[in-house]
Amino acid sequence: MIDTRLLSGRDVSQAVYTALHHQIRSLKSKGITPSLAVILVGDDPSSKVYVKSKSRQFEKMGLRSETILLPEATSEAGLISFIEELNQDSTFHGVLVQLPLPRQIRSEKVIRAIAPKKDVDGFHPENLGLLTTGQSCFIPCTPKGILKILSHFNISTKGQHIVVLGRSNIVGRPISILLSSKNNNGNGTVTLCHSGTSDLKTYTRQADILIVALGVPKMITRSFIKKGAVIVDVGIHRLPNNFEKGYEIVGDVDQQSVEGKASAITPVPGGVGLMTIAMLVENTVEAAEIQSH
Ligand code: NDP
């Protein structure tokens, strides 16, 4: 049995916030408060929780975050013209549209409408193109947070076989590109798996580092992993149970099952999720810095 190390996002996010305080003070001394506009369309309960925790963290850091609530029936054109107004509003440095959006709105059209310099989520094709070609850009918050966790705990990616499960534009695809890039945080050999992959275990069992972003609660169990693997569990789900709270938060990995076989794992909650918020704060401060010149 291996002693499985917990890669807590708590310490790492705190280190990020501490490092940002100085930069925030310096911006404020010039009369600039990094500010984020968050647009929430409709009543999705999980989205409301995410938006609330983002704005709570902004408040804690003395930053400005305004949530704009739009009705479920908002049209795509209506949302886009709203975003265009925010693009012109110099008091906001970042503009974020909480996903998922109601059916009548195509998220790719909406993301394209956000000015790339205000795209603190890093989802705009211009930023994703820059990321792919190794140029400076807003890196999507969850992949950026994963890189920070790995480097904070001195987990080297160079020469490692890294298997990424999931190819979404917000997690799997960008983290696979970043981890295979030629730089200190990358240089891994990356295999990207998805629902078209036949026999997932063939790949997961070879992984030195396994990044799991499937959106399927507790899918990855002991038999999927190699002894000593490092596991990054991106998934986050609220599962009902019979205990006091009535639910538990779980990831895409059955954490109990891999304990003693994995060498390290990010906990859920308290892992990648905390880093996603920390990176949103960092990207917004960066946007304010860039726009101040
Ligand atoms: P998506 O649903 O957009 O993507 C899931 C990916 O997993 C897809 O590529 C899909 O394949 C693949 N997949 C699904 N089921 C299987 C399977 N059985 N076998 C192989 N591949 C499969 O999810 P996201 O990337 O947006 O999110 C993933 C998870 O991470 C979710 O639980 C989400 O809640 C969580 N999340 C957490 C964040 C955090 O801050 N902690 C931030 C963002 C997301 P295909 O492409 O073929 O459909």
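This is a predicted model: local features need pLDDT of at least 70, side-chain atom pairs count only at pLDDT 80 or more; totals for chains, interfaces and linings use all residues.
Mentor: Two strands count as paired if DSSP finds at least two bridges between them.

Trainee: What order do the strands of the open sheet have?

Mentor: In general, the strands of a sheet pair through backbone hydrogen bonds, and the pairing is either parallel or antiparallel. Here the open sheet has 6 strands in the order β1-β11-β8-β7-β5-β6, and the pairing is parallel.

Trainee: Which strands stand at the edges?

Mentor: β1 (5-6) and β6 (189-193) do; each has a single partner strand, so one side of each is left without a neighbour in the sheet. The partner strand can be followed for β1: β1 and β11 pair in the parallel sense over 2 bridges, and L6 has I265 in β11 as its bridge partner.

Trainee: How many bridges link β8 to β11, and how many link β8 to β7?

Mentor: β8 pairs with strand β11 (residues 264-265) over 2 bridges, in the parallel sense. With strand β7 (residues 209-212), β8 has 4 bridges, again in the parallel sense.

Trainee: Where else can I read the directions of side chains along a strand?

Mentor: Take strand β4 (residues 94-97): G94 and L96 point one way, V95 and V97 the other, and all are buried. β4 runs parallel to strand β2 (residues 35-41), and 4 bridges join them. A37 is the bridge partner of V95 in β4.

Trainee: Which peptide bonds are cis?

Mentor: Look at omega. A cis peptide bond joins L99 and P100, with omega about 0°. Another cis peptide bond joins V268 and P269, also with omega about 0°. P100 is in the loop between β4 and α4 (107-113), and P269 is in the loop between β11 and α10.

Trainee: Which residues have a positive phi although they are not glycines?

Mentor: N154 has a phi of about 55°, and K218 has a phi of about 50°. N154 is in the loop between α6 (141-152) and β5 (161-165), and K218 is in the loop between β7 and β8.

Trainee: Is N154 buried or exposed?

Mentor: N154 is exposed, at a relative accessible area of 69%. K218 has 34% relative accessibility, so K218 counts as partly exposed.

Trainee: How many aromatic pairs are there?

Mentor: A pair of aromatic rings is described by the distance of the centres and the angle of the planes. The count here is 0 aromatic pairs. Rings can also have a charge over the face. K201 lies over the face of F224, at 4.9 Å from the ring centre, and R238 lies over the face of Y247, at 3.9 Å from the ring centre.

Trainee: Which residues are closest to the ligand?

Mentor: The ligand is surrounded by 21 residues, and the closest are R167, S168, H194, S195 and T276. Helix α10 (residues 272-291) gives the largest share of this shell, 3 residues.

Trainee: Where is H237, and is it buried or exposed?

Mentor: H237 belongs to strand β9 (residues 237-240). Its relative accessible area is 15%, so H237 is buried. The side chain of H237 also makes a polar contact of 2.6 Å with the side chain of D252.

Definitions and conventions. Residues are numbered from 1 along each chain as its sequence is written. Side-chain values use heavy atoms; hydrogens and water are left out. Rings of Phe, Tyr and Trp (its six-membered ring) pair if their centres lie within 6.5 Å; planes under 30 degrees apart count as stacked, over 60 as edge-to-face and the rest as tilted. A charge sits over a ring if NZ of Lys or CZ of Arg is within 6 Å of the ring centre and within 35 degrees of the ring normal. A residue is near a molecule or strand if one of its heavy atoms lies within 4 Å of it. Buried means under 20% relative accessible area, exposed over 50%, partly exposed in between (1.4 Å probe, protein chains only). A polar contact is a pair of N or O atoms within 3.5 Å; within protein, one must be able to donate a hydrogen and the other to accept it, and residues adjacent in sequence count only if both atoms are side-chain atoms.
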